[in-house]
Amino acid sequence: MGDHADPNVEQAPWIHPAPWSPSTWRAKPIKQQPHYEDAKALGAALDTIRGYPPLVFVGEVDNLRRQLADAAAGERFLLQGGDCAERFQDCTPETITSKLKILLQMSVVLAYGARQPVVRVGRIAGQYAKPRSADTEVIEGVTLPVFRGDNINSFEPDAAGRKADPNRLLQSYYAASMTLNYLRAMITGGFADLHHPQNWDLSFVGKSTQRQRYGQVVANIQDAVAFMSSFGGIREERLGSVDFFTSHEGLLLGFEEAMTRQLSAGGRHYNLGAHMLWIGDRTREINGAHIEYFRGIANPIGIKWGPSADPEEMALLLKALNPSNEAGRITIITRFGEGKVEACLPPAVAAVQRHGLKVLWSSDPMHGNIIKTKDGIKTRDFDAILGELRACFSIHRTLGGRLGGVHFEMTGEDVTECIGGAAGLGESDLTRNYETFCDPRLNYSQALEMAFVISGIMRGERA
Ligand code: PEP
Ligand code: CO
């Protein structure tokens, strides 16, 4: 780097780390935040949240960090997925159950293909705030603030609904805690039981040329489970309970600060609102507020890496976030798009290798593959999603590494938001059950099918 230092390097926080506290981000330039008219009401809501119990426990967060370190070392595979934006109205037993079910089923199919344990991380119990490309939008001739997620304002397109409301922060804490409570109850109560894969809904393969292969995979899984149960060495109850972790984009920093806790004097700070948080592609400026907040928390963190990111700058950023190069701390989630992954991923991997950074590579094949139909509906094509994933598996392998995880926007319901897949959803099907308030998600069948295909890719890689 020599004497002609780049301004970023002179300020590099890992060389002279400035003092950090959960609120030092407040002195930095910040993006993607709402404007609250009533600052006093905002302060009161955040103070209330600060006094509430954490949603997760430090030991769980440390456990996830260890599991992600294993994944980075090639010994586990990460499955992260869930809604683009959770909504308060979806805090119902049916929706939570179906999300857990699809994530667990996908994880079993992936574990079968990878012959490795799968780390399950939901985009759930806190994924309420959304980055947006503009502050306002015009609806029927009226300019309104955009919808920024249920914890900020209402989707209703009127001036009152679109006002940022501090009470929504409290509601989001309650919705997250209800969701997490029900997830924990289902898991400890035996919902995760793998003994009944016959309950899986495989009707989508009815039309698929893969019918026999998928049927065979399920039969093999059933057989393996039956064998393990009858084999004394593996305790039966282990099959009925699984680890499950929560995550969301750490976007709304006032809220994240209020969920940040230090359990002992001089100890590390943890965000105990989720096990893992990630930094979005729109809020990763090296001198910005989000990086300042994230560098001080001990949670494992994800960072989205899109086509506009400069690889060298990203490497500096990763050093700032993980100065001790701790394994399991950083998951890089690339989201280039099918058409750009071949050009963007190799330089990204090269920069990370050049700086000797320990990271887990994951692929979000959703956010670079958004298209609009001729009727103006936002969708994603199953084949483009798969195309980006296949490219990631192969590029990492060619460069001597490994794609160690995948990141999806998906739901357990029968929505019609993405096109393609074995069930053959076309553009004309999209209006039938298009529910998302934000990005289009894979439905139950498309998500499970995706898991079967990835499982096949990983089986092929082992061969
Ligand atoms: C998201 O994950 O919902 C998202 C907005 O992604 P990105 O930051 O990669 O655009
Ligand atoms: Co999204």
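Author: We'll go through the metal site, some salt bridges, the surface and a few backbone details. Keep in mind that this is a predicted model.

Reader: Okay. Which residues are the protein donors of the cobalt ion (ligand 2)?

Author: There are Cys84 through SG, His367 through NE2, Glu409 through OE and Asp439 through OD. They lie 2.1 to 2.5 Å from the cobalt ion.

Reader: And how are the donor residues spaced in sequence?

Author: The spacing is C-x282-H-x41-E-x29-D. Take histidine 367 and aspartate 439: they are 72 residues apart and link distant parts of the chain. Histidine 367 sits in the loop between β11 (360–363) and β12 (371–372). Aspartate 439 sits in the loop between β14 (405–409) and α13 (444–462).

Reader: Is histidine 367 buried or exposed? And what about aspartate 439, buried or exposed?

Author: Histidine 367 is buried, with a relative accessible area of 17%. Aspartate 439 is buried too, at 7%. Under 20% counts as buried.

Reader: Got it. Switching topic: how many salt bridges does the count come to?

Author: The count is 29.

Reader: Give me one. What does glutamate 60 meet in a salt bridge?

Author: Its side chain meets that of arginine 184, at 2.6 Å from N to O. The pair links distant parts of the chain, 124 residues apart. Glutamate 60 is in helix α3 (residues 58–72), and arginine 184 is in helix α5 (residues 167–188).

Reader: How accessible is glutamate 60? And arginine 184?

Author: Glutamate 60 has 22% relative accessibility, so it counts as partly exposed. Arginine 184 has 31%, and that also counts as partly exposed.

Reader: Now one inside a helix. Where do glutamate 292 and arginine 295 lie?

Author: Both are in helix α9 (residues 289–296). They are three residues apart, about one turn of the helix. Glutamate 292 counts as buried at 8% relative accessibility. Arginine 295 is buried as well, with a relative accessible area of 16%.

Reader: What about aspartate 364 and lysine 304, how do their side chains meet?

Author: They meet in a salt bridge, 2.9 Å from N to O. Aspartate 364 lies in the loop between β11 and β12, and lysine 304 lies in strand β9 (residues 301–305), so the pair ties together parts that are 60 residues apart in sequence. Both residues are buried.

Reader: Which residues are linked in a network of salt bridges?

Author: Arg123, Lys378, Arg380, Glu409 and Asp439.

Reader: Now the backbone. What is the phi of arginine 115?

Author: It is positive, about 55°, although arginine 115 is not a glycine.

Reader: Why point that out?

Author: Because most residues other than glycine have a negative phi.

Reader: Where does arginine 115 lie?

Author: In the loop between α4 and β2 (118–123). Arginine 115 is exposed, with a relative accessible area of 51%.

Reader: And glutamate 140, what is its phi near?

Author: Near 45°, again a positive value in a residue other than glycine. Glutamate 140 is in the loop between β3 (136–139) and β4 (142–145). Glutamate 140 is exposed, with a relative accessible area of 80%.

Reader: Last topic, distances. How far apart are alanine 422 and serine 445?

Author: They are 23 residues apart in sequence and 8.3 Å apart in space, C-alpha to C-alpha. Alanine 422 lies in the loop between β14 and α13. Alanine 422 counts as buried, at 18% relative accessibility.

Reader: And valine 349 and arginine 65, how far apart are they?

Author: They are 284 residues apart in sequence and 21 Å apart in space, C-alpha to C-alpha. Valine 349 is found in helix α11 (residues 341–354). Valine 349 is buried, with a relative accessible area of 3%.

Notes: Residues numbered from 1 in each chain as written. Chains lettered and ligands numbered in written order. Predicted model: local features only at pLDDT ≥ 70, side-chain atom pairs only at ≥ 80, totals over all residues. Heavy atoms only, no water. Donors = N, O, S within 2.8 Å, 3.2 Å for Na, K, Ca; no water. Helix = DSSP H or I, 4+ residues; strand = E, 2+ residues; numbered from the N terminus. Buried < 20%, exposed > 50% of the residue type's maximum accessible area, 1.4 Å probe, protein only. Salt bridge = Lys/Arg side-chain N within 4 Å of Asp/Glu carboxyl O.
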